[in-house]
Amino acid sequence: MGFAKEYEFLTEIGIEPRNSGAFVNGVWKGSGSVVSSVNPANNKTIAEVVEASSQDYEEGIKACYEASKIWMQLPAPKRGEIVRQIGDALRTKLQYLGRLLSLEMGKILPEGIGEVQEVIDMCDFAVGLSRQLNGSVIPSERPNHMMLEMWNPLGVVGVITAFNFPCAVLGWNACIALVCGNAVVWKGAPTTPLITIAMTKLVAEVLEKNSLPTAIFTSFCGGAEIGQAISKDTRIPLVSFTGSSKVGQMVQQTVSERFGKCLLELSGNNALIVMDDADIQLAVRSVLFAAVGTAGQRCTTCRRLLVHEKIYDSVVDKLLEAYKQVKVGDPLENGTLLGPLHTKASRENFEKGIKVIKSQGGKILTGGSVIESEGNFVQPTIVEISPSADVVKEELFGPVLYVLKFKDFKEAVEINNSVPQGLSSSIFTRSHELIFKWIGPQGSDCGIVNVNIPTNGAEIGGAFGGEKGTGGGREAGSDSWKQYMRRSTCTINYGSELPLAQGISFGN
């Protein structure tokens with residue numbers, strides 16, 4: 001039985017009504033549970049996937065580990081050429097992949113296409129990086145000696161991604177890991193298996209075309225069982241995990257027990273500060289999409305809006321007016337700004353969250369309800385609440401914006417830094433003095449510290465990640481590549497003497 005007409009495009013990217021969810025040594029298989037990929041706009045099945053079993057995992061990781069020994073011997077620029085070809089393959093299927101991403105995850109189509117484009121951009125970035133994996137030459141204090149740093153591949157890198165960015169986070173990790181000489185084992189989110197399969201098929205085609213072992217890029221659709229196997233596996237020296245702080249902490253503990261390395265991208269509770277000298281129109285436009293885009297399910301979503309008391313009423317009034325214009329609906333339709341939450345459970349968590357907010361003195365200024373429909377739609381919500389309320393310290397994964405009032409810059413920074421998470425932050429001001437205080441040691445404690453732009457929309461050229469409960473990991477640009485390699489300090493004696501052994505005879 002084939003697809004319904006609206007899903008026929010999926011055959012262009014290798015998706016069928018029933019799919020095997022484990023790519024093991026060049027073969028698609030799956031002997032685990034059968035799951036349905038569900039369209040969050042109507043909760044109807046798109047396609048079925050047979051997940052990976054523990055046996056599939058063991059067979060796959062064994063092949064991946066062996067393939068890594070071949071891949072790491074290729075010169076880095078040659079590895080870069082393979083990644084360039086992956087980028088080109090993605091370009092040919094950009095519209096189809098973007099549409100699948102929107103269909104399966106629920107984000108609006110421009111965001112879906114934009115996310116796939118981000119992976120393409122990461123491929124381009126990684127190609128250039130493949131010629132710049134430079135070490136240092138260090139002056140030695142000993143005569144006829146030199147010291148240098150060598151960067152070598154780790155072997156296999158495990159990448160566990162989340163539903164909200166099922167493509168981009170893979171790109172941040174895999175593109176860099178591959179040019180650094182590592183094989184990749186990827187576990188996509190359990191609720192976005194089709195994008196995992198479609199992406200893997202494109203990568204596999206490129207490897208096959210270049211007569212390389214396809215096990216260099218191994219992937220599994222599955223749940224916690226596969227994630228735990230990756231975390232425990234000593235053949236995987238680095239595990240990159242994206243998800244909640246609670247699960248991330250468990251992953252970190254498991255990986256640390258075997259002395260592996262972790263790269264964590266966890267929860268965000270991001271604040272945007274509007275000072276009394278800010279461009280209010282610019283600030284309101286920035287807040288709108290930062291708060292409601294991806295239905296509030298970005299790790300960089302603006303969750304706390306801090307407004308100076310002098311302009312509080314003006315900013316809130318303008319924001320409420322803007323929220324009235326937000327079109328909620330099918331993410332594939334033109335003009336939709338707010339699509340559905342990803343799952344029924346997400347919608348239920350939204351309802352529970354609103355009850356907790358009200359119980360802690362929160363005042364709903366707009367929204368606050370689910371939208372009765374087949375899908376997981378909720379109203380974009382603004383809440384007036386005290387910064388000291390416990391619920392403000394938590395991340396409610398949905399389009400809920402807390403509006404908080406402050407008196408001066410010092411108080412605003414204190415509120416920004418008062419939560420357990422430390423991913424993204426932003427200030428809107430025209431004051432040069434405040435800008436440099438904000439980005440300095442007594443300003444924001446986050447990994448992303450913006451000025452006059454929203455909390456979301458990070459560029460790939462910078463290192464992406466956060467502090468505290470966000471995990472401390474850094475992905476994508478800058479020198480993030482160093483996490484995917486091991487550094488050796490090498491001392492070379494090109495003379496015939498050891499300075500410390502002068503005056504001691506060892507015979508002829």
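Trainee: What makes the space of about 280 Å³ a pocket and not a cavity?

Mentor: A cavity is a set of points where the probe fits but cannot get out, whereas a pocket is an open set. This space of about 280 Å³ is listed as the second largest pocket, so it counts as open. Keep in mind that the model is predicted.

Trainee: Which residues line the second largest pocket closest to its centre?

Mentor: E118, F165, R298, G457 and A458 are the closest to the centre, out of 16 lining residues. Helix α4 (residues 109-129) gives the largest share of that lining, five residues.

Trainee: What is the volume of the largest pocket, and which residues are closest to its centre?

Mentor: The largest pocket holds about 820 Å³ of space. Its lining has 30 residues, and F241, T242, G243, S244 and V247 are the closest to the centre. Two or more lining residues come from each of α7 (224-232), β11 (238-242) and α8 (245-257). The largest share, five residues, is that of α7. By class, the lining divides into 13 nonpolar, 13 polar and four charged residues.

Trainee: Why is N19 called buried?

Mentor: Buried means under 20% relative accessible area. N19 has 4%, so the word applies.

Trainee: Where does N19 lie, and what does N19 touch?

Mentor: N19 lies in strand β1 (residues 18-20). Leaving aside residues up to four places away in sequence, N19 touches G14, A47, E48, V49, V50, L194 and I197.

Trainee: What makes the approach of the N19 side chain to E16 a polar contact?

Mentor: The cut-off for a pair of N or O atoms is 3.5 Å. The side chain of N19 reaches the backbone oxygen of E16 at 2.6 Å, which means that the pair falls within the cut-off.

Trainee: How do you know that helix α2 and helix α5 meet?

Mentor: Contact means heavy atoms within 4.5 Å. A76, R79, G80, V83 and I86 in α2 meet C175, L178 and V179 in α5, so the two helices are in contact by that definition. The contact has six nonpolar, one polar and one charged residues.

Trainee: At what angle do the axes of α2 and α5 cross?

Mentor: The axes of α2 (residues 76-92) and α5 (residues 168-179) cross at roughly 145 degrees and come within 8 Å.

Methods: Residues numbered from 1 in each chain as written. Predicted model: local features only at pLDDT ≥ 70, side-chain atom pairs only at ≥ 80, totals over all residues. Heavy atoms only, no water. Axes fitted to C-alpha atoms, helices over the stretch in contact; angles between N-to-C directions. Helix = DSSP H or I, 4+ residues; strand = E, 2+ residues; numbered from the N terminus. Nonpolar A, V, L, I, M, F, W, Y, C, P; charged D, E, K, R; others polar. Buried < 20%, exposed > 50% of the residue type's maximum accessible area, 1.4 Å probe, protein only. Polar contact = N/O pair within 3.5 Å; in protein donor to acceptor, adjacent residues only side chain to side chain. 1 Å grid on protein atoms, 1.4 Å probe; cavity = no way out; pocket = protein on both sides within 12 Å on 5 of 7 lines; lining within 4 Å. Points joined across faces, edges and corners; volume = space filled by probe spheres on them.
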